[in-house]
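Here is a short report on helix packing, sheet layout and charge pairs. Please view the model alongside the text.

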Amino acid sequence: MPDDRCDLLCLDLEKAEALRSAAIPEPEGRRLAELAKGISEPTRLALALALRDGGELCVCDLSWIVDRSEKVVSHHLGLMRRNGIAESRREGKMVLYELTEHGRSLLGALTAPAIT
């Protein structure tokens, strides 16, 4: 395995200091990382894709689509809701979910074709 460290100290101090000064504060980085957790697991990603393509869906439909139990799907959707990826509303005995704008943006960035 190659060593990923430089063999020579060749710091571009001006550039490095400008980037260091512009970096987001650690608390903001932690917050953004938490938001990303909303789709950072295969089941949550599958749920987000289903919501993107199907619009508002109930837990029963989502459970069928991703081939997971309703209990598992509800757990993941709750995490997605807490992280601002999805939102829910109750309609009678059904709970319906849809992606938030943040969820659509994050999923779009994740699934955008890579530029080579």
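## Helix packing

In H4, Val-59, Cys-60, Leu-62, Ser-63 and Val-66 meet Glu-70, Val-73, Ser-74 and Leu-77 of H5. Contact means heavy atoms within 4.5 Å. By class, this contact of H4 with H5 has six nonpolar, two polar and one charged residues. The axes of H4 (residues 59–66) and H5 (residues 70–82) come within 9 Å and cross at roughly 105°. That makes H4 roughly perpendicular to H5 (65 to 115 degrees).

## Basis

This is a predicted model: local features need pLDDT of at least 70, side-chain atom pairs count only at pLDDT 80 or more, and totals for chains, interfaces and linings use all residues. Residues are numbered from 1 along each chain as its sequence is written, and side-chain values use heavy atoms, leaving out hydrogens and water.

## Sheet

Three strands form an open sheet, ordered S1-S3-S2, with antiparallel pairing (strands pair if DSSP finds at least two bridges between them). S1 (57–58) and S2 (86–91) are the edge strands. Six bridges join S2 to S3 (residues 94–99). Ser-88 has Tyr-97 in S3 as its bridge partner. Helix H3 (residues 42–54) packs on the sheet and touches S1, S2 and S3.

## Salt bridges

The whole structure holds seven salt bridges (a side-chain nitrogen of Lys or Arg within 4 Å of a carboxyl oxygen of Asp or Glu). Lys-37 pairs with Glu-34, closest N and O atoms 2.7 Å apart. For Arg-89 and Glu-91, that distance is 2.9 Å.

Glu-101 bridges to Arg-104 at 3.3 Å between the closest N and O atoms. Both lie in helix H6 (residues 101–111), three residues apart, about one turn of the helix.

Conventions: Axes fitted to C-alpha atoms, helices over the stretch in contact; angles between N-to-C directions. Helix = DSSP H or I, 4+ residues; strand = E, 2+ residues; numbered from the N terminus. Parallel < 35°, antiparallel > 145°, perpendicular 65-115°, else oblique. Nonpolar A, V, L, I, M, F, W, Y, C, P; charged D, E, K, R; others polar.
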